Amino acid sequence: MRTISATKEAARERRAHRRVLGRKAVAGYLFIAPSIAFLLVFALIPFLFTIYVSLHDWNMLVPLSRARFLGFENYRYLLFEDPLFWQTFRNSVVFALGNVVLTMALSLAVALLLNSRLRLRALWRSAFFMPYVTSSVAIAIVWSNLYHPTYGLFNGVLQFLGLPTLDFTNSPSQAMPSLIATSIWHELGYYMIIFLAGLQSIPGEVYDAAKVDGAGSWQQFWRITLPLLRPTILFVAVIITLSSLQVFDLPFILTNGGPVNSTNTLVLYMYQTAFQFLRMGRATAMAILLFVVVFAMTLIQLRLLRERE
């Protein structure tokens with residue numbers, strides 16, 4: 001009898017425990033319900049709508065229900081019949097490569113400098129970070145004046161030094177480097193702060209032990225700083241790549257994609273296709289293709305950098 005009573009008591013305790021867990025689970029789901037609803041409304045549903053529009057020929061002048069279904073025709077046209085799509089894709093890749101490599105190298109160099117015993121470090125950190133908190137539209141307008149071939153400051157300095165002037169954004173060969181330089185100036189301070197945080201998380205005892213063993217500054221950088229900064233480098237590389245492949249405001253204001261489409265990026269071409277040529281189906285197909293490229297490149301970066309750890 002005692003065994004039966006104990007069994008019943010244990011069963012009651014299990015049922016009570018399950019009820020408590022059930023209440024906690026319901027409370028947990030209620031807490032995350034707003035976030036899930038936010039993601040559904042502002043992320044998943046728009047993404048599914050983008051896929052749906054990319055399969056139709058829609059000019060936004062008629063209801064979407066009357067748009068002609070094309071299947072994968074928009075994708076086929078972009079990949080096999082639209083040379084401008086591939087040119088803008090190449091421009092985006094060139095911009096991303098230049099921006100990622102130079103921004104990472106310069107921001108790490110500045111972070112190393114400002115992590116040393118430099119006088120007025122707080123002032124220098126604020127000065128380098130200040131461009132990032134400035135509107136990119138305002139920066140593009142200011143730099144367009146700096147690049148002006150006639151009254152721009154840069155050509156004024158070159159003339160003062162007796163050097164030949166440059167065309168900058170008016171030259172097909174100089175426009176992309178000018179665009180990359182503006183982007184680096186704008187974003188360098190932000191990634192400098194991230195690298196600085198990573199550097200300050202490295203224990204000082206590691207460097208002290210390396211000095212005792214006779215390691216020089218260069219050996220400490222290669223053997224200690226870079227290996228311990230790999231998580232930070234991974235984060236910065238992914239973030240810069242994502243932002244660079246989706247750049248829009250700088251080329252739109254500085255060059256408007258010119259001259260001769262030399263700075264026309266994929267996102268800018270997407271905007272032109274959608275709102276100037278009214279081919280929303282083709283523009284959303286570009287968005288899906290860009291998503292696939294960005295997702296694939298992010299996975300490759302994560303795999304490569306994690307394999308080295």
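Which residues does Thr88 touch, not counting residues up to four places away in sequence? I looked this up first, and found that Thr88 touches Asn264, Thr265, Leu266 and Tyr269, where contact means heavy atoms within 4.5 Å.

Before going on I noted the conditions: this is a predicted model, in which local features need pLDDT of at least 70 and side-chain atom pairs count only at pLDDT 80 or more, while totals for chains, interfaces and linings use all residues. Residues are numbered from 1 along each chain as its sequence is written, and side-chain values use heavy atoms, with hydrogens and water left out.

**Thr88 and helix α3**

I placed Thr88 in helix α3, residues 83-114; helices here are DSSP runs of H or I with at least four residues, strands are E runs of at least two, and both are numbered from the N terminus. Thr88 is buried, at a relative accessible area of 0% (buried is under 20%, exposed over 50%, partly exposed in between, with a 1.4 Å probe and protein chains only). A polar atom of the Thr88 side chain lies 2.8 Å from the backbone oxygen of Phe85.

I then followed α3 to α7, and found that their axes come within 6 Å and cross at roughly 40 degrees. That angle makes α3 oblique to α7, since angles under 35 degrees count as roughly parallel, over 145 as roughly antiparallel, 65 to 115 as roughly perpendicular and the rest as oblique. The axes are lines fitted to C-alpha atoms, for helices over the stretch in contact, with angles from 0 to 180 degrees between N-to-C directions.

**Annotated spans**

From the unreviewed UniProt entry I took the residues listed as "transmembrane region", among them 93-114 and 126-146; such annotations may be inferred rather than shown by experiment. In the model, residues 93-114 are 100% helix and 0% strand, with end C-alpha atoms 31 Å apart, whereas residues 126-146 are 71% helix and 0% strand, with end C-alpha atoms 23 Å apart.

**Backbone exceptions**

Most residues other than glycine have a negative phi, and most peptide bonds are trans. I therefore noted Phe168, which is not a glycine but has a positive phi of about 50 degrees, in the loop between α6 (153-160) and α7 (175-200); Phe168 counts as buried at 10% relative accessibility.

In the loop between α11 and α12 I found Asn261, also not a glycine, with a positive phi of about 60 degrees; Asn261 is partly exposed, with a relative accessible area of 29%. Pro259 lies in the loop between α11 (249-254) and α12 (266-275), and the peptide bond from Gly258 to Pro259 is cis, with omega near -10 degrees.

Conventions: Polar contact = N/O pair within 3.5 Å; in protein donor to acceptor, adjacent residues only side chain to side chain.
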